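Me: I would like to learn how to read a structure like this one, step by step. Could you take me through it slowly?

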Amino acid sequence: MDWAAVRVTAELAACTTFILFLLGLPLAYWAATTRRWWRVLVEASIALPILLPPTVIGFYLLVATGPHSPIGRMFEKLTGDLLPFSFGGILLGSVVYNLPFAVRPFTSALAGVDRRLIEASWCLGVSRAGTFRRVMLPLAWPGILTGLVLAFAHTVGEFGVVLMLGGDRPGVTRTLSVSIYDSVQSLDYTTAGRTSLALVLFAFVVLSITYGLQRRVPGV
Amino acid sequence: MSERSAELVADFEKRYRSGAIVRAAFAQPSQGFFSTVLFGPSGSGKTTILRCLAGLERPEGGTIRNGPQTWFDAERRVHLRPQARGVGFLFQDYALFPHLTVERNVGYGLSRASRALRRSRVAALMDLLGLSGLDRRYPRELSAGQQQRVALARAVAPRPKLLLLDEPLSALDAPTRQTLRGELRRALATLATPAVLVTHDPLEAVALADQAVVLNGGQIRQKGPIHEVFSRPADPTVARIVGVETIEPATLMDVCDGLAFVRAGSAELLALDPGGLTPGPVYVCIRGEEVTLERSEPAQSSARNRLPARVIAIHPEGATVRVLLDCGFSLTAQITRPAAEQLALAPGQSVVAQLKAPAIHLVAR
């Protein structure tokens with residue numbers, strides 16, 4: 001097995017999950033509590049990657065982050081590296097692509113917290129942020145953890161966006177799924193088989209954990 | 001102006017997209033124990049008014065002031081957040097935090113206080129409300145009555161300026177409700193916090209409140225001192241809503257073997273002991289339809305209370321007739337029109353009013 005690819009994959013999944021936690025929770029809180037009509041539009045945009053082929057996301061991100069784009073130029077100035085074909089590039093792609101897999105479980109978990117508990121907390125003088133931390137998070141954590149686990153696992157299995165944005169730089173942007181593709185291209189079926197089996201086992205364990213979590217309802 | 005600064009003044013209007021409008025206009029002292037009951041059938045806007053007072057809903061017009069503080073002013077675009085109003089809200093099914101122990105639920109609103117202060121306040125309230133020893137339990141491990149008291153303790157712990165109680169006893173079974181009714185009144189008096197409560201149970205209203213605001217379809221139909229509103233409804237609609245035609249001050253003389261001996265005016269009544277009452281002043285509450293009228297005293301009857309009475313007035317109300325009687329205290333009977341015709345009732349006539357003991361409800365005064 002390509003251990004450099006294991007390291008890149010693990011790093012990519014961990015960073016993606018962490019960013020999605022920071023970015024996804026406020027988004028999910030907004031989506032779960034707002035009464036604005038354009039909430040549906042925001043939710044639809046976030047969910048787009050579920051339906052779109054990864055190549056479409058990859059293509060747009062490639063154009064948007066290329067050296068001729070404002071984002072690409074800024075990144076190049078800051079880091080001296082090009083955003084596409086770097087770790088930062090595939091991380092960006094992975095965050096965008098995995099947003100729905102984190103935000104949707106977050107949103108339904110937060111929306112599932114009894115509204116009266118939130119109002120009770122407000123009436124007891126606790127701020128919105130305090131209520132989020134002391135009431136919503138503890139009661140919604142199985143859903144939030146589900147979202148994080150799904151995002152992590154989905155990043156591990158991601159292929160299209162990574163290949164489009166990252167190319168295939170060993171130790172930098174070559175993830176496990178890309179390395180399977182490489183092995184098959186060079187007719188190394190033994191390595192491809194071993195890596196594939198590892199990913200199947202990983203996915204199975206992750207899904208078992210997720211279903212286990214969904215059975216746990218706190219406080220009941 | 002100085003008079004107004006010691007009052008809670010609510011005068012506002014909440015409009016819904018469906019076209020429904022709820023209007024509230026009432027006042028009560030903002031210090032010491034005083035309570036107003038918002039009374040009416042479901043859908044009459046009681047809970048909406050409570051939520052507007054708490055800041056959980058924003059009215060479209062009017063003002064809400066509590067003492068010197070303006071909570072809401074539509075014209076000046078003032079709308080204080082619930083956190084800034086300092087109200088204690090007791091939710092209908094309590095809304096206890098399921099992931100926190102009783103102790104943490106009660107202390108939830110005291111997070112800014114020091115640990116020691118929080119502990120002593122929580123312990124004092126748990127003691128006052130008979131919850132000692134339940135500190136480490138979770139809400140799901142409590143009876144409904146205990147949950148109700150935990151919710152009350154949690155609501156009053158941060159020393160709110162106003163208590164809002166939404167159907168405080170409706171989630172309890174009848175016997176528990178009767179016991180807690182008296183306890184709740186005593187607890188509220190001890191805490192000396194003004195309260196606004198919502199109920200559709202007339203006995204709960206009489207037991208807990210000083211002032212009544214009767215609502216129907218989002219409009220105030222009548223307001224005033226509680227026993228005045230309940231015993232002298234302004235119109236048939238209010239009479240139908242309050243449902244209890246007779247509310248008379250009386251004295252509980254003695255309680256023995258589950259029976260209560262009561263003196264109301266010059267009449268002596270036998271009622272069932274609701275529990276938790278000691279001899280002293282009470283209200284006697286009697287629904288008009290529970291009163292039976294006879295021309296002369298029957299030889300044998302299971303009704304324990306047979307009161308010689310004089311007809312004062314007769315008010316026909318559709319299929320029924322409301323008969324005002326003097327039987328040592330003023331009693332209202334509600335009988336059908338054919339029954340009234342058969343008895344040939346007329347003012348000044350003598351009749352016998354019969355009442356079963358369970359039809360006489362006693363409420364502490």
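**Reading the model together**

Reply: Let us start where the chains meet, keeping in mind that this is a predicted model: 16 residues of chain B are in contact with 17 residues of chain A. On the chain B side, helix 2 (82-85) and strand 7 (87-90) each supply at least two of the residues that touch chain A.

Me: What classes of residue make up the side of chain B that touches chain A?

Reply: That side of chain B has 11 nonpolar, 4 polar and 1 charged residues.

Me: How many helices and strands are there in chain A?

Reply: Chain A has 10 helices and 0 strands, and its C-alpha trace spans about 65 × 40 × 30 Å along the principal axes. Of its 220 residues, 40% count as buried, and among contacts in chain A between residues at least 6 apart in sequence, 75% join residues at least 24 apart.

Me: How should I read the packing of two helices, and at what angle do helix 2 and helix 5 of chain A pack?

Reply: Two packed helices are described by the angle between their axes and by the distance between those axes. Helix 2 (residues 39-51) and helix 5 (residues 87-111) of chain A pack at about 115 degrees, with their axes 7 Å apart, and they are therefore roughly perpendicular to each other. Helix 2 of chain A passes helix 5 of chain A in a left-handed crossing. The contact is made by I46(A), A47(A), P49(A) and I50(A) of helix 2 together with residues of helix 5 that include V96(A), Y97(A) and R104(A), and the contact residues divide into 9 nonpolar, no polar and 1 charged.

Me: How do helix 7 and helix 10 of chain A cross?

Reply: The axes of helix 7 (residues 128-156) and helix 10 (residues 189-215) of chain A come within 9 Å and cross at roughly 170 degrees, which makes helix 7 of chain A roughly antiparallel to helix 10 of chain A. Among the residues that meet are P142(A) and L145(A) in helix 7 and L213(A) and Q214(A) in helix 10, and the contact as a whole divides into 11 nonpolar, 3 polar and no charged residues.

Me: Which residues touch the most other members of the largest nonpolar core?

Reply: Of the 154 residues in that core, L164(B) and V284(B) touch the most other members, while helix 5 of chain A gives the most to this core, with 12 residues. Not counting residues up to four places away in sequence, V284(B) touches E248(B), A250(B), V262(B), A264(B), L269(B), I360(B) and L362(B).

Key: Residues numbered from 1 in each chain as written. Chains lettered and ligands numbered in written order. Predicted model: local features only at pLDDT ≥ 70, side-chain atom pairs only at ≥ 80, totals over all residues. Axes fitted to C-alpha atoms, helices over the stretch in contact; angles between N-to-C directions. Helix = DSSP H or I, 4+ residues; strand = E, 2+ residues; numbered from the N terminus. Parallel < 35°, antiparallel > 145°, perpendicular 65-115°, else oblique. Left-handed = near helix turned anticlockwise from the far one by under 90°. Contact = placed C-beta atoms within 7 Å. Nonpolar A, V, L, I, M, F, W, Y, C, P; charged D, E, K, R; others polar. Core = buried A, V, L, I, M, F, W, Y, C linked by C-beta atoms within 7 Å. Buried ≥ 20, exposed ≤ 12 C-beta atoms within 10 Å, placed from the backbone.
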